[in-house]
Amino acid sequence: MTKSNLHINATTMNSLTESRTGRSIDALLEYNIFDHIDIASVEDEKSDYKKNKVRVISFERTYDVEKAGLLIKIFGTFKWCLSVYKNLSANKYHVINCHSLNLLPLSVILKLKNKSKLIYDIHELETETAAMTNIRKFFSKVLENILIRLVDFTIVVSEPINDWYVNKYSLHN
């Protein structure tokens, strides 16, 4: 049986090649964990990311992350997630790696549809960043509190963040 993996990461492949996500994918390839890995990423005409057994599927993001307001970002992320869902939901993935809180709803939907395992690969303490407005922080915490219960495994970048998640959500995964 072919084992496949999907990474959902709303960054460009240029930033991915030197990121934690890129290193994770490299490790999965090195240890031959999956027969095939798909990466849903943001369209990037400069990317030359090529690896054996890896397919990069780029989806257009229609807003400027640096300049867009909150509502534009929410709508744009929803539109991006809908495009990913339409294009990838028919594929059977054994494991889905979600790399961002704003992509967790899509990841949970794909997990439930395909009966996949879901890994929430947290790159930072997203609900506690200083740049987040109070309203965004509130909704992010509610969203994470609900959806993290549907995650099979959680990966964090450090012990203090691990402790925070264990204490906040009583995680054991």
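Predicted model: local features only at pLDDT ≥ 70, side-chain atom pairs only at ≥ 80, totals over all residues.

Reader: How many residues does the largest nonpolar core have?

Author: A nonpolar core is a set of buried Ala, Val, Leu, Ile, Met, Phe, Trp, Tyr and Cys residues joined through side-chain atoms within 4.5 Å. Buried means under 20% relative accessible area, exposed over 50% and partly exposed in between, with a 1.4 Å probe and protein chains only. Leu6, Trp80 and Tyr165 are among those with the most contacts inside the largest core, which has 31 residues.

Reader: Which residues of helix 6 are buried?

Author: Helices (H or I, at least four residues) and strands (E, at least two) are DSSP runs, numbered from the N terminus. On the other side of helix 6, Glu159, Pro160 and Asn167 are exposed. The buried residues are Ile161, Tyr165 and Tyr169.

Reader: Which residues does isoleucine 148 touch, not counting residues up to four places away in sequence?

Author: Isoleucine 148 lies in the loop between helix 5 and strand 6 (153-155), and is buried, with a relative accessible area of 1%. Contact means heavy atoms within 4.5 Å. By that rule, and leaving out residues up to four places away in sequence, isoleucine 148 touches Leu104, Tyr120, Tyr165, Tyr169 and Leu171.

Reader: Which helix gives the most to the lining of the largest pocket?

Author: On a 1 Å grid over the protein atoms alone, a pocket is an open set of points where a 1.4 Å probe fits, with protein on both sides within 12 Å along at least five of seven lines; lining residues have an atom within 4 Å of a point. The largest pocket is lined by 41 residues, with Thr77 and Arg136 among those nearest its centre. Strand 1, helix 2, helix 3, helix 4 and helix 5 each supply at least two residues of this lining. The element that gives the most, with 10 residues, is helix 3.

Methods. Residues numbered from 1 in each chain as written. Heavy atoms only, no water.
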